[in-house]
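Biologist: I am new to this structure and would be grateful for a close look at a single part of it. Please describe the places where its parts meet, in one connected account.

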Amino acid sequence: MAAALQRRWFFAPGIIITAGCIISIISFGVRSSMGLFTHPISEAYQWNREVYGLAMAIQNLVWGIMQPIAGAMADRFGPAKVVATGAVIYALGTALMSFADTPALMYLAGGVLVGAGIATASFSIVMAAFGRLVPPEKRSWVFGLATSAGSLGQFIFAPLGQGFIAAFGWQNALFLMAAITLLMIPLALPLTAPVAREQATAKENAQIGMREAVRSALGHPSFVLLVLGFFVCGFQLAFVTIHLPAYLVEHGISEWLAASAIAIVGIFNVIGSYCAGIIGGKYRKRISLAMIYLLRSLFVILFLMTPVTPLSTVVFTASMGLLWLSTVPLTMGLVMVMFGTRYIATLYGFVFLSHQVGSFFGVWLGGKFHDLYGSYDPVWWMGVALGLFAALVHWPIREERAPAFAV
Amino acid sequence: MAGRTADHRLALKLALSVLVVWLIGMAILVRSAALGPDASGKMLAVFEPGTSQDAIFSTLVAAGGKPIRNTWLPFVWVVAGDGAGFAGRLKEHGAVGAYGELPFAPSVAGCLAYADAKVAELFTLRP
């Protein structure tokens, strides 16, 4: 019976990986197109930008808070059910956004529902599933691939979303996005694959309960350092995503190049994430992570110390793109090395929560300091300092199984 | 080693498949943005690659329009012309296509628009 199940065509490794990557593309892509609706929605209801901005801030926070919960559900009930449920919540939230004519409804639809949907149908859940399905030597590569797919989603959905809005209007565009989100339900089917390496998986996991696992992880110094480091990642990424276009325009860069800057980051991110996965499989992940944070700080310093020109903009955004989500496969890989595969989605969820808190501060402090000092420079330098801090905290991480998880 | 190559091949196939689907989606959007000969106002004018900037300006003047801004592609310009039939006159004077303002970076839009214009040309060829 089990052998017959494993022979199903959609349980072939290539199909599982392809389906998981498409889920990543959709999950990340639809979310990244949310910013395109700021103008049409605000204009339609005569809202100031704060209303939609707050809905998106709530979305990010809910995403972070829900990630460990969604992870725990995935570890308990399996990733496929969680992704399918998440797809329904995601689609419901996106479709409801087109009817949300009051701020409260927008906070609920675009903030809470979409945020919860992204968390439950996220690439973190997909990566956790991949971690259980592929042998240890391929894990880092497959994490890089899933992250890279998410980045590709960001790149391809932005123009697609703009095209939908231009061709069909923003309300129909949201419906189309919701329909695309529902595609994740059939795509989750291959993730129901019985773990072919069940016995091997059992061998690499300690027999402890989830509560004990979370308690032990939160008390493990290397895990705490990893969580602190990922806070910095969130801070830097969110600050650059939200405030870089405005910074560039302030320095005389044309509006369309400023708007394209994040697209340049996106395309180089596809390459960077994939390569980070490969590097993580060959070299020590903690050292690679430290180097990434160090290089980020270095590139920001160079960018700040040289005149802002179209060339420097392209060079900076391409460099940042290579280092953008390249932290994800390495961080996920480290969590798996320390704690095994059994509670990976839950434990990575806690690391990701720290990322989202960092994102909140990156966006908020960027705006706050700009209002106070009329410049983004203080927050740029704060990002540099935090990058150096992250490089330092990754260095002493012990890249080995945590004592409580030893088998 | 062979396993690694197969892995990278899978990643490449996946990326290419996604890009093909994306290109199909974008092609549909660009086709729907192609302007008929009666159109006027602000639009994206696409010329043959290698057309000199002087020739492009001459075309614009002859068609009764003016340049608004160039793009990273020297043969794609954002232009404007008020008189009815501006898009048709642009094509009569040598532009390969005229498109409504496409909602993404003009360089990307220009590349796609050029490809679209060339395909449209193929389908309108008469024996």
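Modeller: The C-alpha centres of domain 1 and domain 2 of chain A lie 21 Å apart. This value, like those that follow, is computed from a predicted model. The domain assignment places residues 1-201 of chain A in domain 1 and residues 205-407 in domain 2. Where they touch, domain 1 of chain A contributes 31 residues and domain 2 of chain A contributes 33 residues.

The area buried between these two domains of chain A is about 2,700 Å², and carbon and sulfur atoms give 72% of it. On the side of domain 1 of chain A, the residues that lose the most area to domain 2 are Pro68(A), Ser140(A) and Phe155(A), which together make up 17% of what that side buries.

Three helices of chain A give two or more residues to the side of domain 1 that touches domain 2: H4 (49-77), H7 (123-133) and H8 (136-168). The largest share, 12 residues, comes from H8(A). By class, this side of domain 1 of chain A has 15 nonpolar, 13 polar and 3 charged residues.

Helix H8(A) also takes part in the meeting of chain A with chain B. In that interface, 25 residues of chain A are in contact with 18 residues of chain B. The area buried between the two chains is about 1,900 Å², of which carbon and sulfur atoms give 79%. Within chain A, Trp141(A), Ile156(A) and Trp256(A) lose the most area to chain B, together accounting for 28% of what that side buries.

Across the interface of chain A and chain B the rule finds 1 salt bridge. Lys138(A) forms a salt bridge with Asp7(B), and their closest N and O atoms are 3.2 Å apart.

On the side of chain A that touches chain B, at least two residues each are supplied by helix H2 (13-32), H8 and helix H14 (255-282) of chain A. Here H8(A) provides the largest share, 13 residues. The residues of this side of chain A divide into 17 nonpolar, 5 polar and 3 charged.

In summary, H8(A) gives the largest share of the side of domain 1 of chain A that touches domain 2, and H8(A) likewise gives the largest share of the side of chain A that touches chain B.

Conventions
Residues are numbered from 1 along each chain as its sequence is written. Chains are lettered from A and ligands numbered from 1 in the order in which they are written. This is a predicted model: local features need pLDDT of at least 70, side-chain atom pairs count only at pLDDT 80 or more; totals for chains, interfaces and linings use all residues. Side-chain values use heavy atoms; hydrogens and water are left out. Domain bounds come from an automatic or database domain assignment. Contact means heavy atoms within 4.5 Å. Buried area is the accessible area (1.4 Å probe) that two parts lose on being put together, summed over both. Helices (H or I, at least four residues) and strands (E, at least two) are DSSP runs, numbered from the N terminus. Ala, Val, Leu, Ile, Met, Phe, Trp, Tyr, Cys and Pro count as nonpolar, Asp, Glu, Lys and Arg as charged, and the others, Gly among them, as polar. A salt bridge is a side-chain nitrogen of Lys or Arg within 4 Å of a carboxyl oxygen of Asp or Glu.
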